[in-house]
Amino acid sequence: MPSSSKIISLALLTTTASPTLSFNTKTMATTSSTYHIRPYDPTRDRTSLEEICANIYGGSDYLPKVANTYVKDDSCSFLALTTKRTEDCQQQQQQQEDGQEDDTIIAVANYKRLPAQNAAWIEAVRTHSNYRNQGLASKLLQSIVELAKEEDRNNKHQSPTNILTCTVKSNKGMQRVFDKLGFVQTNRISILSFSALRQLPGWDATDTTITQGKPLLDALDLNHLIRPDERSIPASSWSTITTENQLLEQLNDMQKESEGRTCGFLPGLHEYIVPGPNRVDLKRSMEQGLVLALNIPLDDKELSGCDGETTNNRMSERAILAFTQDERISSLKSNWVCSISAHSTLAFEAALHHAHSSEIAQRINGTTEMVPFCLTFDDAVPVEEGTIAHALPRVDDECVVFTYKHM
(Lines give C-alpha, C1' and ligand atoms only; values in the text may rest on other atoms or scores of the structure.)
Protein backbone atom coordinates (compact mmCIF):
# COMPACT_ATOMS: atom_id res chain seq x y z
CA MET A 1 0.00 0.00 0.00
CA PRO A 2 1.39 3.49 -0.81
CA SER A 3 2.79 5.38 2.12
CA SER A 4 0.34 8.21 1.43
CA SER A 5 -2.59 5.97 2.37
CA LYS A 6 -3.85 4.80 5.69
CA ILE A 7 -6.40 2.15 6.72
CA ILE A 8 -9.04 3.65 9.00
CA SER A 9 -11.06 1.13 10.98
CA LEU A 10 -14.44 2.10 12.35
CA ALA A 11 -16.81 0.01 14.49
CA LEU A 12 -19.95 0.77 12.49
CA LEU A 13 -23.39 -0.64 13.20
CA THR A 14 -25.45 -1.72 10.22
CA THR A 15 -29.03 -2.79 10.00
CA THR A 16 -28.11 -6.46 9.63
CA ALA A 17 -24.92 -6.77 11.64
CA SER A 18 -22.27 -4.76 13.44
CA PRO A 19 -18.90 -5.81 12.03
CA THR A 20 -15.73 -3.76 12.27
CA LEU A 21 -15.39 -2.31 8.79
CA SER A 22 -12.34 -0.65 7.30
CA PHE A 23 -11.88 1.45 4.23
CA ASN A 24 -9.04 3.25 2.50
CA THR A 25 -8.62 6.99 2.55
CA LYS A 26 -5.66 9.05 1.52
CA THR A 27 -3.88 10.96 4.22
CA MET A 28 -4.18 14.63 3.28
CA ALA A 29 -1.33 16.80 4.48
CA THR A 30 -0.77 20.52 4.89
CA THR A 31 2.30 22.14 6.40
CA SER A 32 1.16 21.31 9.92
CA SER A 33 -1.63 18.73 9.83
CA THR A 34 -2.78 15.42 8.42
CA TYR A 35 -6.47 14.59 8.14
CA HIS A 36 -8.19 11.47 9.39
CA ILE A 37 -11.77 10.17 9.54
CA ARG A 38 -13.40 8.72 12.64
CA PRO A 39 -16.89 8.48 14.20
CA TYR A 40 -18.23 11.69 15.71
CA ASP A 41 -17.93 11.72 19.52
CA PRO A 42 -20.80 13.69 21.13
CA THR A 43 -18.81 14.26 24.32
CA ARG A 44 -15.59 15.76 23.00
CA ASP A 45 -16.80 17.04 19.60
CA ARG A 46 -19.91 19.00 20.58
CA THR A 47 -18.19 22.39 20.90
CA SER A 48 -16.31 21.95 17.61
CA LEU A 49 -19.52 20.95 15.81
CA GLU A 50 -21.28 24.06 17.09
CA GLU A 51 -18.39 26.14 15.75
CA ILE A 52 -18.61 24.45 12.35
CA CYS A 53 -22.36 25.13 12.19
CA ALA A 54 -22.25 28.66 13.67
CA ASN A 55 -22.96 30.47 10.39
CA ILE A 56 -25.08 27.83 8.65
CA TYR A 57 -28.71 28.83 7.97
CA GLY A 58 -28.09 32.21 9.57
CA GLY A 59 -26.90 30.62 12.80
CA SER A 60 -29.94 28.35 13.18
CA ASP A 61 -28.45 25.09 11.86
CA TYR A 62 -30.39 22.05 13.03
CA LEU A 63 -27.36 19.74 13.06
CA PRO A 64 -26.09 20.32 16.64
CA LYS A 65 -29.62 19.59 17.83
CA VAL A 66 -29.89 16.22 16.07
CA ALA A 67 -26.25 15.06 16.12
CA ASN A 68 -26.80 12.79 19.13
CA THR A 69 -29.74 11.21 17.30
CA TYR A 70 -27.42 10.22 14.46
CA VAL A 71 -24.92 8.74 16.92
CA LYS A 72 -27.58 6.62 18.63
CA ASP A 73 -29.17 5.47 15.37
CA ASP A 74 -27.90 2.02 14.35
CA SER A 75 -28.63 2.80 10.70
CA CYS A 76 -26.34 5.86 10.70
CA SER A 77 -22.61 6.44 10.55
CA PHE A 78 -22.01 10.05 11.58
CA LEU A 79 -18.41 10.62 10.54
CA ALA A 80 -15.95 13.41 11.33
CA LEU A 81 -12.84 14.45 9.46
CA THR A 82 -10.22 15.59 11.95
CA THR A 83 -6.71 16.98 12.03
CA LYS A 84 -3.86 15.17 13.79
CA ARG A 85 -0.24 16.20 14.14
CA THR A 86 1.54 12.94 13.37
CA GLU A 87 1.30 9.62 11.56
CA ASP A 88 3.53 7.79 14.01
CA CYS A 89 1.31 5.39 15.97
CA GLN A 90 3.53 5.24 19.06
CA GLN A 91 3.79 9.01 19.17
CA GLN A 92 0.00 9.32 18.73
CA GLN A 93 -0.55 7.01 21.69
CA GLN A 94 1.89 9.00 23.83
CA GLN A 95 0.20 12.27 22.85
CA GLN A 96 -3.21 10.83 23.75
CA GLU A 97 -1.88 9.82 27.17
CA ASP A 98 -0.38 13.27 27.66
CA GLY A 99 -3.56 14.97 26.45
CA GLN A 100 -1.64 16.77 23.69
CA GLU A 101 -3.12 15.20 20.57
CA ASP A 102 -4.86 17.59 18.16
CA ASP A 103 -7.98 15.73 17.03
CA THR A 104 -10.32 18.63 16.30
CA ILE A 105 -13.15 17.93 13.87
CA ILE A 106 -13.21 20.21 10.84
CA ALA A 107 -15.80 18.47 8.64
CA VAL A 108 -18.68 16.05 9.21
CA ALA A 109 -21.21 14.03 7.23
CA ASN A 110 -23.88 11.49 8.10
CA TYR A 111 -24.43 8.26 6.16
CA LYS A 112 -27.95 6.92 6.75
CA ARG A 113 -28.79 3.41 5.57
CA LEU A 114 -32.30 2.90 4.15
CA PRO A 115 -32.53 -0.86 3.60
CA ALA A 116 -36.29 -0.91 3.03
CA GLN A 117 -35.64 0.63 -0.39
CA ASN A 118 -32.07 -0.64 -0.85
CA ALA A 119 -30.88 2.93 -0.54
CA ALA A 120 -28.77 5.22 1.60
CA TRP A 121 -28.77 8.96 2.17
CA ILE A 122 -25.75 11.22 2.69
CA GLU A 123 -26.70 14.29 4.70
CA ALA A 124 -25.46 16.95 7.11
CA VAL A 125 -22.26 17.63 5.15
CA ARG A 126 -20.48 20.51 6.86
CA THR A 127 -16.94 21.94 6.65
CA HIS A 128 -15.42 24.49 9.02
CA SER A 129 -15.22 27.90 7.34
CA ASN A 130 -11.43 28.03 7.87
CA TYR A 131 -10.92 24.77 5.95
CA ARG A 132 -13.19 25.18 2.95
CA ASN A 133 -12.00 24.88 -0.67
CA GLN A 134 -9.37 22.30 0.34
CA GLY A 135 -11.20 19.23 -0.91
CA LEU A 136 -12.12 17.98 2.55
CA ALA A 137 -15.82 17.43 1.83
CA SER A 138 -14.83 15.53 -1.29
CA LYS A 139 -12.50 13.28 0.70
CA LEU A 140 -15.11 12.63 3.37
CA LEU A 141 -17.81 11.79 0.81
CA GLN A 142 -15.43 9.56 -1.15
CA SER A 143 -14.73 7.61 2.04
CA ILE A 144 -18.49 7.20 2.60
CA VAL A 145 -18.96 5.89 -0.94
CA GLU A 146 -16.13 3.40 -0.34
CA LEU A 147 -17.77 2.38 2.94
CA ALA A 148 -21.07 1.76 1.12
CA LYS A 149 -19.34 -0.39 -1.48
CA GLU A 150 -17.58 -2.43 1.19
CA GLU A 151 -20.86 -3.02 3.01
CA ASP A 152 -22.39 -4.18 -0.26
CA ARG A 153 -19.57 -6.67 -0.71
CA ASN A 154 -19.82 -7.90 2.89
CA ASN A 155 -23.61 -8.17 2.86
CA LYS A 156 -23.73 -9.64 -0.67
CA HIS A 157 -26.54 -7.37 -1.84
CA GLN A 158 -28.27 -8.48 -5.01
CA SER A 159 -27.82 -4.97 -6.36
CA PRO A 160 -25.63 -2.03 -5.25
CA THR A 161 -27.03 0.34 -2.67
CA ASN A 162 -28.73 3.35 -4.23
CA ILE A 163 -26.67 6.17 -2.67
CA LEU A 164 -28.58 9.46 -2.62
CA THR A 165 -27.89 12.96 -1.41
CA CYS A 166 -29.06 16.51 -2.06
CA THR A 167 -28.04 20.14 -2.00
CA VAL A 168 -29.55 23.46 -3.03
CA LYS A 169 -29.42 24.73 -6.60
CA SER A 170 -27.09 27.63 -5.75
CA ASN A 171 -24.45 25.42 -4.11
CA LYS A 172 -22.34 24.94 -7.23
CA GLY A 173 -19.30 23.94 -5.18
CA MET A 174 -21.05 20.94 -3.65
CA GLN A 175 -22.51 20.03 -7.02
CA ARG A 176 -18.99 19.96 -8.47
CA VAL A 177 -17.96 17.64 -5.62
CA PHE A 178 -20.88 15.33 -6.41
CA ASP A 179 -20.02 15.35 -10.11
CA LYS A 180 -16.35 14.56 -9.38
CA LEU A 181 -17.34 11.59 -7.22
CA GLY A 182 -19.73 10.12 -9.80
CA PHE A 183 -23.12 11.48 -8.68
CA VAL A 184 -25.70 12.75 -11.20
CA GLN A 185 -28.77 14.90 -10.65
CA THR A 186 -31.89 12.76 -10.74
CA ASN A 187 -34.72 14.69 -9.10
CA ARG A 188 -35.88 17.75 -7.22
CA ILE A 189 -37.90 18.16 -4.02
CA SER A 190 -40.30 21.10 -3.91
CA ILE A 191 -40.30 22.78 -0.49
CA LEU A 192 -42.09 25.88 0.76
CA SER A 193 -40.06 28.88 1.87
CA PHE A 194 -39.74 29.05 5.65
CA SER A 195 -39.09 32.80 5.46
CA ALA A 196 -42.43 33.24 3.66
CA LEU A 197 -44.23 30.95 6.12
CA ARG A 198 -42.86 32.90 9.10
CA GLN A 199 -44.59 35.99 7.72
CA LEU A 200 -48.00 34.35 8.08
CA PRO A 201 -49.88 35.47 11.22
CA GLY A 202 -49.32 33.03 14.08
CA TRP A 203 -46.79 30.85 12.22
CA ASP A 204 -43.48 32.28 13.47
CA ALA A 205 -42.20 30.55 16.61
CA THR A 206 -41.49 33.94 18.18
CA ASP A 207 -44.98 35.34 17.51
CA THR A 208 -46.74 35.65 20.88
CA THR A 209 -49.69 37.71 19.64
CA ILE A 210 -51.51 34.74 18.07
CA THR A 211 -51.64 31.31 19.67
CA GLN A 212 -51.97 29.39 16.44
CA GLY A 213 -52.04 30.43 12.81
CA LYS A 214 -54.51 29.33 10.19
CA PRO A 215 -53.93 26.20 8.08
CA LEU A 216 -51.72 26.62 5.03
CA LEU A 217 -54.20 27.38 2.24
CA ASP A 218 -56.36 29.55 4.51
CA ALA A 219 -53.32 31.53 5.68
CA LEU A 220 -52.17 32.03 2.07
CA ASP A 221 -55.73 32.67 0.80
CA LEU A 222 -55.31 30.07 -1.95
CA ASN A 223 -58.33 27.84 -1.37
CA HIS A 224 -60.05 29.32 -4.40
CA LEU A 225 -57.44 27.71 -6.69
CA ILE A 226 -58.61 24.20 -5.85
CA ARG A 227 -61.08 23.39 -8.59
CA PRO A 228 -64.46 21.64 -8.31
CA ASP A 229 -63.18 18.32 -9.66
CA GLU A 230 -60.62 18.08 -6.87
CA ARG A 231 -63.12 19.18 -4.23
CA SER A 232 -65.66 16.61 -5.42
CA ILE A 233 -63.41 13.62 -4.72
CA PRO A 234 -64.95 12.05 -1.60
CA ALA A 235 -62.94 11.26 1.52
CA SER A 236 -63.89 7.60 0.99
CA SER A 237 -61.57 7.55 -2.05
CA TRP A 238 -58.63 7.73 0.34
CA SER A 239 -57.34 4.54 1.93
CA THR A 240 -55.22 4.53 5.07
CA ILE A 241 -51.73 3.02 4.76
CA THR A 242 -51.00 1.12 7.94
CA THR A 243 -47.82 -0.84 7.19
CA GLU A 244 -44.41 -0.10 5.72
CA ASN A 245 -44.92 -2.70 2.99
CA GLN A 246 -48.16 -1.03 1.90
CA LEU A 247 -46.37 2.30 1.60
CA LEU A 248 -43.53 0.80 -0.42
CA GLU A 249 -45.99 -0.97 -2.72
CA GLN A 250 -47.93 2.26 -3.32
CA LEU A 251 -44.74 4.21 -4.08
CA ASN A 252 -43.54 1.48 -6.44
CA ASP A 253 -46.88 1.23 -8.25
CA MET A 254 -47.04 5.00 -8.68
CA GLN A 255 -43.51 5.14 -10.07
CA LYS A 256 -44.30 2.40 -12.59
CA GLU A 257 -47.56 3.98 -13.68
CA SER A 258 -45.96 7.39 -14.07
CA GLU A 259 -43.19 5.79 -16.15
CA GLY A 260 -40.54 6.97 -13.74
CA ARG A 261 -41.76 10.54 -13.34
CA THR A 262 -42.25 10.04 -9.61
CA CYS A 263 -39.05 9.14 -7.79
CA GLY A 264 -40.35 6.15 -5.84
CA PHE A 265 -39.68 7.85 -2.51
CA LEU A 266 -41.79 9.92 -0.13
CA PRO A 267 -40.46 13.51 -0.23
CA GLY A 268 -39.42 15.26 2.99
CA LEU A 269 -37.55 18.42 3.95
CA HIS A 270 -34.27 18.02 2.08
CA GLU A 271 -34.57 14.25 2.41
CA TYR A 272 -36.55 11.20 1.40
CA ILE A 273 -38.70 9.65 4.13
CA VAL A 274 -38.06 5.90 4.03
CA PRO A 275 -39.67 3.34 6.38
CA GLY A 276 -37.33 1.76 8.87
CA PRO A 277 -36.34 1.57 12.54
CA ASN A 278 -34.97 5.11 12.44
CA ARG A 279 -38.29 6.62 11.26
CA VAL A 280 -40.22 6.57 14.50
CA ASP A 281 -42.08 9.64 13.26
CA LEU A 282 -43.39 7.79 10.21
CA LYS A 283 -44.39 4.78 12.29
CA ARG A 284 -46.28 7.03 14.70
CA SER A 285 -48.03 8.75 11.79
CA MET A 286 -49.14 5.40 10.39
CA GLU A 287 -50.56 4.48 13.78
CA GLN A 288 -52.52 7.77 13.76
CA GLY A 289 -53.86 7.15 10.26
CA LEU A 290 -51.86 10.04 8.80
CA VAL A 291 -50.42 8.19 5.79
CA LEU A 292 -52.98 7.75 3.00
CA ALA A 293 -53.26 6.78 -0.65
CA LEU A 294 -55.59 8.00 -3.39
CA ASN A 295 -56.28 5.67 -6.30
CA ILE A 296 -59.14 6.55 -8.62
CA PRO A 297 -59.46 4.51 -11.85
CA LEU A 298 -60.02 6.89 -14.73
CA ASP A 299 -62.99 4.90 -15.96
CA ASP A 300 -64.69 5.36 -12.57
CA LYS A 301 -64.78 9.13 -12.87
CA GLU A 302 -64.62 11.42 -15.85
CA LEU A 303 -61.23 12.79 -14.91
CA SER A 304 -59.51 12.43 -18.26
CA GLY A 305 -58.39 15.87 -19.37
CA CYS A 306 -60.51 17.68 -16.79
CA ASP A 307 -57.50 19.64 -15.53
CA GLY A 308 -55.97 20.33 -18.92
CA GLU A 309 -53.49 17.43 -18.67
CA THR A 310 -53.17 14.48 -20.94
CA THR A 311 -53.51 11.17 -19.16
CA ASN A 312 -51.15 9.30 -21.54
CA ASN A 313 -51.10 5.69 -20.34
CA ARG A 314 -52.24 6.43 -16.82
CA MET A 315 -54.84 4.00 -15.59
CA SER A 316 -55.74 6.04 -12.50
CA GLU A 317 -55.20 9.22 -10.56
CA ARG A 318 -52.79 8.45 -7.73
CA ALA A 319 -51.40 10.34 -4.77
CA ILE A 320 -49.77 9.54 -1.46
CA LEU A 321 -50.32 11.94 1.42
CA ALA A 322 -48.36 11.75 4.68
CA PHE A 323 -48.04 13.91 7.78
CA THR A 324 -44.93 13.63 9.96
CA GLN A 325 -43.37 15.79 12.67
CA ASP A 326 -39.84 17.03 11.94
CA GLU A 327 -37.81 17.80 15.07
CA ARG A 328 -35.39 19.90 13.02
CA ILE A 329 -38.02 22.65 12.63
CA SER A 330 -37.55 25.36 15.25
CA SER A 331 -38.46 28.59 13.46
CA LEU A 332 -42.16 27.70 13.10
CA LYS A 333 -44.67 27.05 15.88
CA SER A 334 -45.78 23.83 14.21
CA ASN A 335 -43.32 21.14 13.15
CA TRP A 336 -45.88 19.21 11.12
CA VAL A 337 -44.80 18.47 7.55
CA CYS A 338 -47.20 17.39 4.81
CA SER A 339 -45.55 15.24 2.13
CA ILE A 340 -47.29 14.61 -1.18
CA SER A 341 -46.24 12.31 -3.99
CA ALA A 342 -48.35 12.67 -7.13
CA HIS A 343 -47.89 12.91 -10.88
CA SER A 344 -50.82 15.05 -11.99
CA THR A 345 -52.31 18.39 -11.05
CA LEU A 346 -55.63 16.80 -10.12
CA ALA A 347 -54.07 14.22 -7.79
CA PHE A 348 -51.83 16.82 -6.13
CA GLU A 349 -54.65 19.30 -5.55
CA ALA A 350 -56.97 16.55 -4.32
CA ALA A 351 -54.28 15.56 -1.81
CA LEU A 352 -53.76 19.14 -0.68
CA HIS A 353 -57.51 19.62 -0.31
CA HIS A 354 -57.80 16.43 1.77
CA ALA A 355 -54.83 17.55 3.89
CA HIS A 356 -57.00 20.43 5.13
CA SER A 357 -60.01 18.25 5.90
CA SER A 358 -61.64 17.83 9.30
CA GLU A 359 -60.89 14.10 9.07
CA ILE A 360 -57.13 14.74 9.03
CA ALA A 361 -57.46 17.38 11.75
CA GLN A 362 -59.29 14.89 13.94
CA ARG A 363 -56.47 12.37 13.52
CA ILE A 364 -53.79 14.95 14.33
CA ASN A 365 -55.20 16.74 17.35
CA GLY A 366 -58.63 15.31 18.09
CA THR A 367 -60.49 18.41 16.88
CA THR A 368 -61.93 19.61 13.59
CA GLU A 369 -59.50 22.55 13.47
CA MET A 370 -56.49 21.83 11.25
CA VAL A 371 -52.99 22.79 12.42
CA PRO A 372 -50.51 24.78 10.29
CA PHE A 373 -48.05 22.64 8.37
CA CYS A 374 -45.15 22.97 5.97
CA LEU A 375 -45.47 21.30 2.58
CA THR A 376 -43.11 19.31 0.39
CA PHE A 377 -43.95 17.48 -2.81
CA ASP A 378 -42.57 15.34 -5.60
CA ASP A 379 -40.84 16.74 -8.67
CA ALA A 380 -43.46 15.04 -10.86
CA VAL A 381 -46.17 17.50 -9.76
CA PRO A 382 -46.77 19.96 -12.63
CA VAL A 383 -45.92 23.53 -11.59
CA GLU A 384 -47.67 25.61 -14.21
CA GLU A 385 -49.05 29.12 -14.09
CA GLY A 386 -52.61 29.14 -12.81
CA THR A 387 -52.15 26.02 -10.66
CA ILE A 388 -51.98 26.01 -6.89
CA ALA A 389 -48.52 24.40 -7.06
CA HIS A 390 -47.29 27.48 -8.92
CA ALA A 391 -48.96 29.88 -6.48
CA LEU A 392 -47.43 28.32 -3.37
CA PRO A 393 -44.42 30.18 -1.90
CA ARG A 394 -41.78 27.64 -2.88
CA VAL A 395 -38.11 28.21 -2.12
CA ASP A 396 -36.19 29.99 -4.88
CA ASP A 397 -33.10 27.93 -4.08
CA GLU A 398 -34.65 24.57 -4.82
CA CYS A 399 -33.51 21.24 -3.43
CA VAL A 400 -31.83 19.04 -6.05
CA VAL A 401 -31.29 15.31 -5.51
CA PHE A 402 -28.22 13.42 -6.73
CA THR A 403 -27.70 9.69 -7.18
CA TYR A 404 -24.39 7.85 -7.27
CA LYS A 405 -23.82 5.98 -10.51
CA HIS A 406 -22.12 2.69 -9.77
CA MET A 407 -19.54 1.70 -12.37
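R113 counts as buried because its relative accessibility is 6%, where buried means under 20% relative accessible area, exposed over 50% and partly exposed in between, with a 1.4 Å probe and protein chains only. This is a predicted model, in which local features need pLDDT of at least 70 and side-chain atom pairs count only at pLDDT 80 or more, while totals for chains, interfaces and linings use all residues. Residues are numbered from 1 along each chain as its sequence is written, and side-chain values use heavy atoms, with hydrogens and water left out.

Side chains of opposite charge can pair when their charged atoms come close. R113 forms a salt bridge with E151, with 2.7 Å between the closest N and O atoms; the term requires a side-chain nitrogen of Lys or Arg within 4 Å of a carboxyl oxygen of Asp or Glu. Because R113 lies in strand β6 (residues 104–114) and E151 in helix α4 (residues 136–155), the pair ties together parts 38 residues apart in sequence, helices (H or I, at least four residues) and strands (E, at least two) being DSSP runs numbered from the N terminus. E151 is likewise buried, at 6% relative accessibility.

The structure holds 19 salt bridges, and a network of them links K112, E123, E271, R279, D281, D326 and R328.
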